[in-house]
Amino acid sequence: MLSLIETWINIILNIAIILFLITGTFFVVSSSIGIVRFPDIYTRLHAATKASTLGLAGILIGMFIFLFIHHNIVSGKLLLALFFILLTNPVSGHMISRAAHRAGVKPVTKNRTDELEDAIKHHKA
């Protein structure tokens, strides 16, 4: 029979698992809505990389804690997936936006300064 402290620890860990999964799902859903609703490639990439990275990280952390607590499994695949998602999503979003900038795609809002274009012009001069 579980003691009272072990029961409370299990309840707290289950609540943590639920919170990780719910927040991860929220970020993934908001990312998909942002991809559809935002006007240009830069804001869509922002939604696709930032929110999905946080969402997938939350879901993978929740899954890892669940497997570790309830089944005594330390999943190296989940840890590797988390590591590579945290490493590659922001870099790929940056590279795609840089390629779009070099291709001449302008953002929808006109009141922003383009510091990268100024730096490229300054470097060439």
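**Helices side by side**

Helices α1 and α2 lie roughly antiparallel to each other because their angle falls in that class (over 145 degrees; under 35 is roughly parallel, 65 to 115 roughly perpendicular, the rest oblique). This is a predicted model, where local features need pLDDT of at least 70, side-chain atom pairs count only at pLDDT 80 or more, and totals for chains, interfaces and linings use all residues. Residues are numbered from 1 along each chain as its sequence is written, and side-chain values use heavy atoms, leaving out hydrogens and water.

**The α1 and α2 pair**
- The axes of α1 (residues 4-37) and α2 (residues 41-71) come within 7 Å and cross at roughly 160°; axes are lines fitted to C-alpha atoms over the stretch in contact, with angles from 0 to 180 degrees between N-to-C directions.
- By class, their contact has 19 nonpolar, twelve polar and one charged residues (nonpolar is Ala, Val, Leu, Ile, Met, Phe, Trp, Tyr, Cys and Pro; charged is Asp, Glu, Lys and Arg; the others, Gly among them, are polar).

**The whole protein**
- The protein has four helices and zero strands (DSSP runs: H or I of at least four residues for helices, E of at least two for strands, numbered from the N terminus).
- Its C-alpha trace spans about 75 × 30 × 20 Å along the principal axes.

**A look at Ile85**
- Ile85 sits in helix α3 (residues 76-102).
- At 19% relative accessibility, Ile85 counts as buried (under 20% relative accessible area, with exposed over 50% and partly exposed in between, using a 1.4 Å probe and protein chains only).
- Beyond its neighbours within four places in sequence, Ile85 is in contact with Thr53, Leu56, Leu60 and Pro90 (heavy atoms within 4.5 Å).
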